[in-house]
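This report concerns the cross-links and charged pairs of one protein model. Please keep the sequence and the coordinates at hand while reading.

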Amino acid sequence: MKFLAIILTLLSFRSEANSCAADAKKFCVGVDPGKGQLSKCLSDYQESLSAACSKELKEYKANTAKKNPCFEDLADLCSNVPAENSNLELCLLKNETRLSPVCAKDFGKKKGNIIVKNVCAQDIVGHCYPQVSSEAGAINHCLIRNRAKLSGFCKKRTDEQVAKMIKENPCFESTEKLCPTHVKFIDIQECLEKKLDTLPQLCKKIVIHEVAKAKANPCYKDLSRHCVPNLPPKQQYECLTLNENHLSNSCRQYRVLESEKVNSMVNLCENDRQKLCANEPFENGMVVKCLRLNKAKLSKACAKLM
């Protein structure tokens, strides 16, 4: 099913290099162009728009409506929902009685497939809708908390997921018992750290292993809190930079020291790099790895830094 599959493209009415750039700056400063919000804002000032912008906006809305009859409903009702197909579908399901006639007709054709695809869709709308706009894992966490209220198929699926998590995660039951309000991995980890002596041996071993990781890297917890898991080093650095104002003091200090170390490496090891590692890319630590492999051939100053 392709329902909403191109939503990110359709709901972004960009002002750059189009006839509405000046109107957008005049009437919609600070409005996020994504999720149809800029189009929605400009529509509110329809009578004041330039002729060129008014024409372009009209054409944009007409073309987009042909591809997705619900695009204006999504802009009105789902602006705070993460722009993933499943989340947007849940938003339309939640607001089914408020949909415009054209959207309601289109959605009615697809509602059955949505419910078949996600047997918990109606339960989520009924019991866990606030979690649709929350962090990853919040919906499942809510369904587990509300197992007694769930419909038959959803309860069965949730029970299967719980059984799987108990089997795969030695800390699952401890988390449910000791840290029931936490959803994010790092929050659960910090909660379990405080209750270390009460944990089963296998769970305790996992928590201690995570503590060791955090000690080895002062930014480990910040990465867990603010960034997508398993990012390569370059993307980790970029993510932390974007979240600079929210980082822990230890992570900030570590980043300053690492930056100074990089500057020192550039100053002390550039000649060695050009001689020994000129073909290595400046990503994923490849230059440093190459220099360390050639440590016996490095200048004294660079070898000491390595």
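The model is predicted, so local features are reported only at pLDDT of at least 70 and side-chain atom pairs only at pLDDT 80 or more, while totals for chains, interfaces and linings use all residues. Residues are numbered from 1 along each chain as its sequence is written, and side-chain values rest on heavy atoms, with hydrogens and water left out.

**Disulfides**

A search of the whole structure returns 12 disulfides, a disulfide being a pair of cysteine sulfur atoms within 2.5 Å. Three of them are described here, with their sulfur separations and torsions about the S-S bond in the table.

| Pair | S to S distance | S-S torsion |
|---|---|---|
| Cys179 and Cys191 | 2.0 Å | about -90 degrees |
| Cys219 and Cys251 | 2.0 Å | about 100 degrees |
| Cys227 and Cys239 | 1.9 Å | about -105 degrees |

Helices in this account are DSSP runs (H or I, at least four residues), numbered from the N terminus. Burial follows relative accessible area: buried is under 20%, exposed is over 50%, and partly exposed lies in between (1.4 Å probe, protein chains only).

The torsion of about -90 degrees makes the disulfide of Cys179 and Cys191 left-handed. Cys179 sits in the loop between helix 11 (172–178) and helix 12 (185–194), and Cys191 sits in helix 12, so this pair ties together parts that are 12 residues apart in sequence. Cys179 is buried at a relative accessible area of 1%, and Cys191 is buried at 9%.

For Cys219 and Cys251, a torsion of about 100 degrees gives a right-handed disulfide. The pair links distant parts of the chain, 32 residues apart: Cys219 is in the loop between helix 13 (201–216) and helix 14 (220–226), and Cys251 is in helix 16 (residues 249–276). Cys219 counts as buried, with 3% relative accessibility, and Cys251 counts as buried with 0%.

The disulfide of Cys227 and Cys239 is left-handed, with its torsion of about -105 degrees. Cys227 is placed in the loop between helix 14 and helix 15 (233–242), and Cys239 in helix 15, 12 residues apart. Cys227 is buried with a relative accessible area of 10%, and Cys239 is buried with 12%.

Helix 7 (residues 101–117) has 17 residues and should span 24 Å at 1.5 Å a residue, which agrees with the 24 Å between its end C-alpha atoms. The expected span is 1.5 Å times one less than the number of residues. Helix 7 bends by about 40 degrees at Lys110, the bend being the angle between axes fitted to the seven residues ending there and the seven starting there. Lys110 also belongs to the buried residues of helix 7, together with Cys103, Asp106, Phe107 and Ile114.

Cys53 is located in helix 4 (residues 51–67) and is buried, with a relative accessible area of 0%. Apart from its neighbours within four places in sequence, Cys53 is in contact (heavy atoms within 4.5 Å) with Ser19, Cys20, Asp23 and Leu42. Leu42 is 11 residues from Cys53 along the chain, and their C-alpha atoms are separated by 9.0 Å.

**Salt bridges**

Side chains of opposite charge can pair when their charged atoms come close. The structure holds 16 salt bridges, each defined as a side-chain nitrogen of Lys or Arg within 4 Å of a carboxyl oxygen of Asp or Glu.

Glu190 and Arg225 meet in one of them, at 3.3 Å from N to O. Glu190 is in helix 12 and Arg225 in helix 14, so the bridge ties together parts that are 35 residues apart in sequence. Glu190 is partly exposed, with a relative accessible area of 25%, and Arg225 is partly exposed at 29%.

Lys221 and Glu193 form another salt bridge, at 3.6 Å from N to O. Lys221 lies in helix 14 and Glu193 in helix 12, so this pair ties together parts 28 residues apart in sequence. Lys221 counts as partly exposed at 26% relative accessibility, and Glu193 is partly exposed with 26%.

Within helix 13, Lys213 and Glu210 are 3 residues apart, about one turn of the helix. Their salt bridge has its closest N and O atoms 3.5 Å apart. Lys213 is partly exposed, with a relative accessible area of 34%, whereas Glu210 counts as buried at 10%. Elsewhere, salt bridges that share partners join Asp187, Glu190, Glu193, Lys221 and Arg225 into one network.

Notes. Helices (H or I, at least four residues) and strands (E, at least two) are DSSP runs, numbered from the N terminus.
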